[in-house]
Structures are given as C-alpha cells and as structure tokens.
Amino acid sequence: MADLRQVFNRNVTLSYMVNNPIKKTKFWQSGAFVSDARLRQLLTSGSQTFTVPYINPIDSDLEPNYGNTVFTDLAMPRGIEGYSSQGRAAYVNEGFLESRLQSHLIGVSPLQAIAGMLDQFWIGQAENRAIATLIGIRNYDQANSKALTTDISKATATAASGFDVNAFIDAEGTLDEAYQGTGLLIVHPLIATKMRKQNLVEKVTTSADLPPVETYNGRRVVQSKRGTVIGTGANAQYVSYIIGAGAIAADMVAGNDDLEIERTAATGNGAGHTALWTRRDMLIHPQGFSFVADPATLTGGTKNEAISASWEDLTKAANWRLDASADNLAIRFLVTNL
C-alpha cells in the first residue's frame with residue numbers, strides 16, 4: 001500500500017472538500033446558523049475579538065401610520081432597536097498520523113476519502129462548539145433571570161413532568177412568532193427515543209442527494225449527550241434546546257497552511273512518522289450575547305499561551321453577558337423528566 005506522502009496532493013484533496021464545511025452541519029441546514037459578509041470579513045481580519053451589530057425584529061404589533069390629505073400632518077419614522085455583541089474567534093487545528101489515515105488510503109480515490117473525513121471532522125467540531133456555547137447560555141440563564149427556561153421537572157418524576165408535545169409547545173410559545181416552527185431541537189437520545197414512540201418525529205427529504213432528516217414540529221432534531229441530562233435514574237432532568245432560525249452567528253475559514261504534510265525523522269525511534277495537519281479559524285456566537293471572559297482565564301491552548309475559548313470556557317455562566325431583551329432571543333430551554 002502506498003504511504004501518505006506518495007499519494008497526498010493538496011490541490012486535489014482541496015478540490016474534493018466543500019468550500020465551507022459549516023454549511024453541511026445540521027445547525028446550518030436548519031437555519032440556526034446564520035452568516036453574512038461582515039462575519040467573513042471579521043474572521044479573515046486576524047482580530048481575536050469582534051463586534052457584530054444585531055437588529056431586533058420590527059414589531060408588527062404596533063399600528064402603522066394612516067395617510068390623509070392634510071399638509072401639516074407629519075408622520076414620524078419609527079426607531080429600529082439594535083445592539084452589539086462581543087465575541088471571540090477560535091483558532092483550531094488537528095493532526096492525523098498516517099496510521100490513523102491508513103483505512104482512508106485504501107480504495108479508488110484515497111484523496112477523496114481523506115477530504116470527506118476532514119469535512120466530517122470540521123462539521124463535528126462546529127456542532128460541538130455550538131452545543132458548548134448553548135450550555136454556557138443556559139448556565140448564564142440559570143444564574144440570572146431564568147427567562148429563557150421552561151422547567152416542568154420534579155424532584156420525584158411523574159407522568160406530568162415528562163417530555164411531551166404539550167411541554168414542547170409551551171416552551172416554544174415563549175419565543176417570538178418569527179422563531180416558532182423552524183430551526184433546531186437538541187435533545188438527549190432518550191428524549192429522542194420517546195419522541196419517536198409518541199409518533200411525532202417525521203422524516204423529511206430536503207434534497208435528492210441527501211438522506212431524509214428527522215424533524216419534530218418543524219424543527220431539525222439533533223441528538224447529544226452533552227449538556228442534555230442532569231442527574232441519573234428515574235428523577236434525572238433532561239434539557240432540550242429549542243433554537244430558532246438565525247440564533248447563532250457562525251462562519252469558518254481555512255487557517256494558515258491548512259492541509260500541511262509534516263515528516264518527523266526522530267520519532268518512532270528513528271523510523272519517523274508522517275502527519276497531515278488541518279487548520280480552521282471559526283466563529284460560533286449566539287445572537288444577543290457577549291462573550292466577556294478575561295483573556296487571561298482562557299484555556300484554549302497550552303499553559304504557555306491560550307488565546308481561544310475552549311469548550312469548557314464556553315460552558316461557564318460567568319463568561320457570558322446578555323445584551324438584548326430575552327423576548328427578542330431565538331433560544332429557549334425546556335427542562336423535563338423523562
């Protein structure tokens with residue numbers, strides 16, 4: 001079998017990779033991730049921190065002006081409310097030793113297999129970073145107003161305290177109407193199983209070349225064991241994350257020297273190793289919140305220097321600040337028993 005150095009061609013591998021793997025995540029396809037030219041510009045600027053303006057939805061419950069024929073009647077334009085969110089980019093990378101890639105070097109197109117593996121890796125990284133961020137937002141909410149949380153769980157679980165469609169509708173009903181009926185629902189696998197038993201999960205085909213996706217009341221379903229259960233046993237609390245369209249600003253670009261082959265001579269007691277390195281600069285930021293951690297406390301790096309927020313940093317309540325009204329946010333949490 002050919003080794004990695006013999007078969008690897010950076011340009012060919014790049015041709016097989018998607019331009020932005022983040023667009024293949026369930027978060028993007030559900031509409032929960034949103035990006036625009038401002039984010040891409042910030043991410044490629046080299047700045048570690050960024051500020052993105054966010055405009056609140058225009059309130060259609062306020063009655064409009066009614067025109068008439070009186071010259072001196074002047075209409076006053078309505079103000080549009082907005083705010084700025086402070087965020088932080090993450091500079092992430094991963095290396096793969098040849099032994100970890102050997103299974104991908106067997107077949108008709110090993111470079112296509114490598115590209116697919118790398119795409120899936122970065123898709124998973126983006127989704128895990130988003131989930132860690134949502135855990136941090138929930139921890140912030142629990143430490144403050146709990147305005148984003150609907151909690152029907154009980155210390156001793158009952159039939160009325162378990163997850164069902166009524167509890168979901170009550171929690172989703174606290175969202176602005178613009179955020180209802182679409183987006184994402186992140187649940188523990190046991191909750192997902194219960195949803196299927198209740199015959200409320202639908203499989204929807206979104207594209208001819210993609211497999212059907214599971215939806216629940218219009219929301220794409222994502223299963224995760226991270227941050228979705230508190231405690232154990234019959235009285236455990238299960239946290240479901242209801243995420244509306246546009247709730248999270250997100251983007252990803254290739255880092256410097258992405259897809260770099262490294263050969264070490266001394267490792268393996270002189271036998272040497274070959275490694276493939278991939279690098280990404282990533283923004284995953286919840287709309288309406290600022291990430292306010294002291295840079296000196298960050299752990300995304302080494303003991304010598306950490307300039308990115310790690311998953312653990314993202315989960316800490318103290319590292320977040322609410323900048324907007326809870327009514328205007330597209331994020332809600334539902335806490336139930338099973």
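Biologist: Which helix is Glu127 found in?

Modeller: Ground rules first: this is a predicted model, where local features need pLDDT of at least 70, side-chain atom pairs count only at pLDDT 80 or more, and totals for chains, interfaces and linings use all residues. Residues are numbered from 1 along each chain as its sequence is written, and side-chain values use heavy atoms, with hydrogens and water left out. Helices are DSSP runs of H or I, at least four residues, numbered from the N terminus. On that count, Glu127 sits in residues 110–143, helix α6.

Biologist: Glu127 has no salt bridge, so which side chain of opposite charge is nearest, and how far away is it?

Modeller: Glu127 is buried, meaning under 20% relative accessible area (1.4 Å probe, protein chains only). A salt bridge needs a side-chain nitrogen of Lys or Arg within 4 Å of a carboxyl oxygen of Asp or Glu. Glu127's side chain does reach the backbone nitrogen of Lys26 at 2.8 Å. The nearest opposite charge, though, is the side chain of Lys26, at 6.1 Å.

Biologist: Why do the buried residues of α7 line one face of the helix?

Modeller: The buried ones in α7 (residues 165–172) are Ala167, Phe168, Ala171 and Glu172. They line one face because, seen down the axis of α7, they fall within an arc of 130° (taken from the directions from the helix axis to the C-beta atoms).

Biologist: And which exposed residues does the face turned away carry?

Modeller: Exposed means over 50% relative accessible area. On the α7 face turned away from the buried side, those are Asn166 and Asp170.

Terms used:
Helices (H or I, at least four residues) and strands (E, at least two) are DSSP runs, numbered from the N terminus. Lys and Arg count as positive and Asp and Glu as negative; His and the chain ends are not counted. A polar contact is a pair of N or O atoms within 3.5 Å; within protein, one must be able to donate a hydrogen and the other to accept it, and residues adjacent in sequence count only if both atoms are side-chain atoms.
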